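Please consult the sequence and the structure shown below while reading.

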Amino acid sequence: MLNTETGKLALAQQFSAHGRQQEDGVLAIRAIAMPADTNPAGDIFGGWLMSQMDLAAGNMAGRVSQGRSATVAVEAMQFLHPVKVGDEVTLYASLKMVGRTSMRVHVDVWARNRFAKEGQKVTNADFVFVALDEDGNPREIPAT
Ligand SMILES: CC(=O)SCCNC(=O)CCNC(=O)[C@H](O)C(C)(C)COP(=O)(O)OP(=O)(O)OC[C@H]1O[C@@H](n2cnc3c(N)ncnc32)[C@H](O)[C@@H]1OP(=O)(O)O
């Protein structure tokens with residue numbers, strides 16, 4: 001049965017709004033950290049976070065370059081706080097530079113305990129992608 005108490009309903013709606021946690025960047029991925037993604041200490045494995053970040057940046061690189069691209073460098077990776085099993089993990093991608101064949105995408109990662117109202121930024125890095133032709137060589141990024 002639906003809860004029709006106005007105050008509680010408004011609170012529930014506010015909690016379930018899942019608003020943005022930062023102004024800049026495209027909301028690229030939102031996932032729940034699962035037990036399969038942990039390191040031996042029981043926290044979420046940094047490699048899982050890095051793969052999610054690569055997916056988020058690669059999604060933007062694909063849209064910008066309108067075709068295949070590959071990660072050529074990852075810079076300034078910072079792990080600021082641990083991520084725990086069950087956390088809601090949100091990735092924001094911002095396009096920082098477009099060169100002749102390369103693109104720099106900044107990725108910020110936020111984690112929110114599933115029972116908490118607010119999250120915190122846990123990781124960020126810059127990903128450099130190169131647009132590739134069908135032979136795997138760099139290709140020029142289209143202007144439009
Ligand atoms: C091993 C893996 O599977 S990693 C995951 C997937 N990634 C890959 O497979 C990529 C493997 N790497 C490659 O195939 C090659 O390095 C390529 C094709 C991406 C690039 O080859 P390069 O010979 O370096 O190309 P080139 O020197 O012409 O550089 C291409 C662009 O990348 C930029 N670039 C190359 N290396 C870097 C770097 N380390 N950091 C920042 N930018 C770089 C260049 O400045 C250039 O940018 P611009 O055209 O916008 O001015």
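Does Thr 144 count as buried or exposed, and at what relative accessibility? Thr 144 has a relative accessibility of 80%, so it counts as exposed, the threshold for that class being over 50%. The model is a predicted one.

**Overall fold**

- Along the sequence, the elements of the protein follow the pattern α-β-α-β-β-β-β.
- A box of roughly 60 × 40 × 25 Å, taken along the principal axes, holds the C-alpha atoms of the protein.
- The protein has 144 residues, of which 35% are buried.

**Sheet architecture**

- An open sheet is formed by 5 strands in the order E1-E3-E4-E5-E2, with antiparallel pairing.
- Strand E1 (26-32) and E2 are the edge strands of the sheet, each pairing on one side only.
- On average, neighbouring strands of this sheet are turned by 25° against each other, with direction ignored.
- E5 is mostly covered, since 10 of its 12 residues are buried.

**Strand pairing, in sheet order**

- E1 and strand E3 (residues 88-98) run antiparallel and are joined by 6 bridges.
- Within E3, Glu 88 stands opposite Ile 32, while Ala 93 is the bridge partner of Val 26.
- E3 pairs with strand E4 (residues 102-112) over 10 bridges, in the antiparallel sense.
- The two strands E3 and E4 form a hairpin, with 3 residues between them.
- Met 97 has Arg 104 in E4 as its bridge partner, and Arg 104 in turn stands opposite Val 128 in E5.
- The pairing of E4 with E5 is antiparallel and extends over 10 bridges.
- E2 and E5 run antiparallel, joined by 8 bridges.
- Asn 124 in E5 is the bridge partner of Gln 78.

**Ligand site**

- The ligand is surrounded by 14 residues, and the closest are Thr 71, Arg 100, Thr 101, Ser 102 and Val 130.
- By class, this shell consists of 7 nonpolar, 5 polar and 2 charged residues.
- E2 and strand E5 (120-131) each contribute at least two residues to the shell.
- The largest share of the shell comes from E2, with 5 residues.
- A nitrogen atom of the ligand lies 2.9 Å from a backbone N or O atom of Thr 71.
- A polar backbone atom of Arg 100 is 2.9 Å from an oxygen atom of the ligand.
- In the side chain of Ser 102, an N or O atom is 2.7 Å from an oxygen atom of the ligand.
- Taken alone, the ligand exposes 1000 Å², and the protein buries 42% of that area.

**Backbone geometry**

- Most residues other than glycine have a negative phi.
- Gln 66, which is not a glycine, has a positive phi of about 55°.
- The position of Gln 66 is in the loop between helix H2 (46-65) and strand E2 (69-79).
- Ala 76, also a residue other than glycine, has a positive phi near 55°.
- Ala 76 is found in strand E2.
- The relative accessibility of Ala 76 is 57%, so this residue counts as exposed, given the threshold of over 50%.

- Thr 144 has its place in the segment after E5.
- The C-alpha atoms of Thr 144 and Gln 66 are separated by 9.4 Å, with the two residues 78 residues apart along the chain.

Conventions. Residues are numbered from 1 along each chain as its sequence is written. This is a predicted model: local features need pLDDT of at least 70, side-chain atom pairs count only at pLDDT 80 or more; totals for chains, interfaces and linings use all residues. Side-chain values use heavy atoms; hydrogens and water are left out. Helices (H or I, at least four residues) and strands (E, at least two) are DSSP runs, numbered from the N terminus. Buried means under 20% relative accessible area, exposed over 50%, partly exposed in between (1.4 Å probe, protein chains only). A residue is near a molecule or strand if one of its heavy atoms lies within 4 Å of it. A polar contact is a pair of N or O atoms within 3.5 Å; within protein, one must be able to donate a hydrogen and the other to accept it, and residues adjacent in sequence count only if both atoms are side-chain atoms. Accessible areas come from the Shrake-Rupley method with a 1.4 Å probe; for residues, only the protein chains shown count as cover. Ala, Val, Leu, Ile, Met, Phe, Trp, Tyr, Cys and Pro count as nonpolar, Asp, Glu, Lys and Arg as charged, and the others, Gly among them, as polar. Two strands pair if DSSP finds at least two bridges between them. Axes are lines fitted to C-alpha atoms, for helices over the stretch in contact, and angles run from 0 to 180 degrees between N-to-C directions.
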